There are 2 protein chains.
Amino acid sequence: MTPSRDVEPAKPVQLDKRRMILDAAVVAFATRGFHACRVSDIADEANVAYGLVYHYFRSKDEVLDTLFLERWDVLLEVIAEIDAQPLPAREKLRAIASFIIESYRHDPDLMKVIIVEVTRAANSFGRTHLAKIREAYALIADIVGKAQADGTFRTAVTPTFAALAFYGAIEQVLTGWIFDTLPQGEAEFDQAKAFIVETICGGLDAAAVR
Amino acid sequence: MTPSRDVEPAKPVQLDKRRMILDAAVVAFATRGFHACRVSDIADEANVAYGLVYHYFRSKDEVLDTLFLERWDVLLEVIAEIDAQPLPAREKLRAIASFIIESYRHDPDLMKVIIVEVTRAANSFGRTHLAKIREAYALIADIVGKAQADGTFRTAVTPTFAALAFYGAIEQVLTGWIFDTLPQGEAEFDQAKAFIVETICGGLDAAAVR
DNA sequence: TGTCGGATTGACTGGTCAGTCAACAGCTCG
DNA sequence: CGAGCTGTTGACTGACCAGTCAATCCGACA
């Protein structure tokens with residue numbers, strides 16, 4: 001109809017097809033879930049032929065693997081960087097919670113896929129990545145351990161356990177947002193960062209003098 | 001070979017086939033995972049014909065639904081009972097953590113199925129049961145809320161949020177046991193009960209006087 | 001003993017997809 | 001210009017499995 005109807009102005013033509021497939025997969029997996037999502041859904045979403053997915057990836061699984069590893073490695077690096085800074089442990093934990101929540105704010109679909117299809121799906125996909133996932137726990141535990149050694153944190157609980165509780169709180173909050181169980185928005189994101197740290201570090205007890 | 005080889009001494013013949021199918025499904029789902037488990041696996045495990053599963057249940061899904069609801073309803077009742085007792089909030093939380101962990105100690109396979117295939121699988125099965133799952137959160141939040149009202153707990157964090165963190169810690173620990181990421185045994189079970197409450201109620205900070 | 005209805009059986013069907021493959025397009029370089 | 005490579009296409013196949021169903025079994029009751 002219009003003279004230039006073949007041009008797509010809003011969607012600039014992506015040239016890296018591999019990247020296009022990965023990005024399309026994020027949308028497809030987030031929308032329908034990994035199992036319910038067919039490879040043709042990914043191809044359609046990417047505006048690419050079915051077979052091309054198999055040119056760039058060995059299998060549907062490998063697409064998810066790639067998405068997960070790409071992002072999880074960034075997380076591991078960031079945690080390590082945060083730990084390297086001269087901050088009190090509480091601030092380090094806050095920075096980690098903040099990074100994860102910001103990741104969600106920035107790309108909810110990607111985080112949904114990673115959390116729902118990998119991290120929380122320990123039976124299918126998580127199995128493969130258990131070790132990678134645990135690396136994050138270990139880094140967090142390390143932060144707690146060092147804080148206990150220098151007296152900043154109490155030793156009532158093992159570092160491993162504290163890391164579990166900390167990560168567990170973050171995952172629950174993200175899951176709540178992902179499935180619309182919790183209200184989400186700028187205010188809630190910031191509140192969550194504060195609450196996670198406050199719960200894990202400060203505890204619920206009114207007890208003694210604070 | 002032996003005269004009485006047709007008699008099974010250790011495995012007394014179950015008469016309620018429906019129950020047999022449910023119990024077999026627990027084993028089958030726990031071993032292979034819900035998706036990878038075929039209906040014939042359940043039937044085989046139950047020593048029952050394939051079609052009988054469909055005599056008692058409308059679908060494979062309904063088998064899992066049944067298992068989940070049976071158990072989750074017990075959990076909800078127990079939490080309500082605990083809340084009704086005249087205990088300090090911290091003790092109530094301890095009792096809840098204890099009940100869940102004892103459930104795992106008593107029947108790890110069943111808890112594995114419920115946690116892995118329903119609770120943590122919010123995308124497939126959890127979707128259906130989100131409301132039921134949230135009832136548990138609400139009960140816990142209520143305990144926290146009342147403790148905040150009477151001054152036992154600080155108000156730094158909303159009850160909803162505290163419930164999330166509490167349940168998140170429990171789920172992480174169970175997940176760790178389920179996938180052999182954490183050591184498990186009598187000692188660990190008791191330690192976990194204490195640590196969960198200690199982390200959530202006591203917090204990590206050494207801060208002030210305790 | 002015969003009839004009826006629920007319990008039980010397992011072969012079969014229909015639909016769904018992941019992954020294959022043969023063909024085609026378009027670029028580069030000799 | 002043409003040989004050879006990489007990128008791209010989409011129809012097709014093979015496997016898998018949930019759910020169906022017609023047949024058989026068996027106990028209760030008349």
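The residues of the surface near DNA strand C divide into 9 nonpolar, 3 polar and 3 charged. This is a predicted model, and every value below is computed from it. In total, 15 residues surround DNA strand C, and the closest are Arg38(A), Tyr50(A), Ala49(B), His55(B) and Tyr56(B). Of the atoms of DNA strand C that come within 4 Å of the protein, 63% belong to sugar and phosphate.

In chain B, a polar backbone atom of Ala49(B) is 2.8 Å from a phosphate oxygen. His55(B) uses its side chain instead: a polar side-chain atom of His55(B) lies 2.8 Å from a phosphate oxygen of DNA strand C. The elements that give two or more residues to this surface are α3 (50-56) of chain A together with α3 (50-56) of chain B. The largest share, 5 residues, comes from α3(B).

Chain A can now be taken as a whole. It has 9 helices and 0 strands, so its elements, read from the N terminus, are α-α-α-α-α-α-α-α-α. Taken along the principal axes, the C-alpha atoms of chain A fill a box of roughly 75 × 35 × 30 Å. Of the 210 residues of the chain, 52% count as buried. Among contacts in chain A with a separation of 6 or more, residues 24 or more positions apart account for 68%.

Charged side chains pair up throughout the structure. Over all chains, the search finds 36 salt bridges. One of them joins Asp41(A) and Arg32(A), with 3.0 Å from N to O. Arg32(A), at 42%, counts as partly exposed. Another salt bridge links Lys92(A) and Asp83(A) at 2.9 Å, N to O. In that pair, both Lys92(A) and Asp83(A) are buried.

In chain B, the side chains of Asp190(B) and Arg105(B) meet in a salt bridge of 3.6 Å, N to O. Asp190(B) lies in helix α9 (residues 186-202) of chain B and Arg105(B) in helix α5 (residues 89-106) of chain B, so the pair ties together parts that are 85 residues apart in sequence. Asp190(B) is partly exposed, with a relative accessible area of 40%, and Arg105(B) is partly exposed at 23%. In chain A, Glu102(A), Arg105(A), Glu186(A), Asp190(A) and Lys193(A) are linked in a network of salt bridges.

The cysteines remain. The search finds 0 disulfides over all chains. Cys201(A) is buried, at 0% relative accessibility. Cys37(B) is also buried, with a relative accessible area of 1%.

Notes
Residues are numbered from 1 along each chain as its sequence is written. Chains are lettered from A and ligands numbered from 1 in the order in which they are written. This is a predicted model: local features need pLDDT of at least 70, side-chain atom pairs count only at pLDDT 80 or more; totals for chains, interfaces and linings use all residues. Side-chain values use heavy atoms; hydrogens and water are left out. A salt bridge is a side-chain nitrogen of Lys or Arg within 4 Å of a carboxyl oxygen of Asp or Glu. Buried means under 20% relative accessible area, exposed over 50%, partly exposed in between (1.4 Å probe, protein chains only). Helices (H or I, at least four residues) and strands (E, at least two) are DSSP runs, numbered from the N terminus. A residue is near a molecule or strand if one of its heavy atoms lies within 4 Å of it. A polar contact is a pair of N or O atoms within 3.5 Å; within protein, one must be able to donate a hydrogen and the other to accept it, and residues adjacent in sequence count only if both atoms are side-chain atoms. Ala, Val, Leu, Ile, Met, Phe, Trp, Tyr, Cys and Pro count as nonpolar, Asp, Glu, Lys and Arg as charged, and the others, Gly among them, as polar. A disulfide is a pair of cysteine sulfur atoms within 2.5 Å. Contact means heavy atoms within 4.5 Å.
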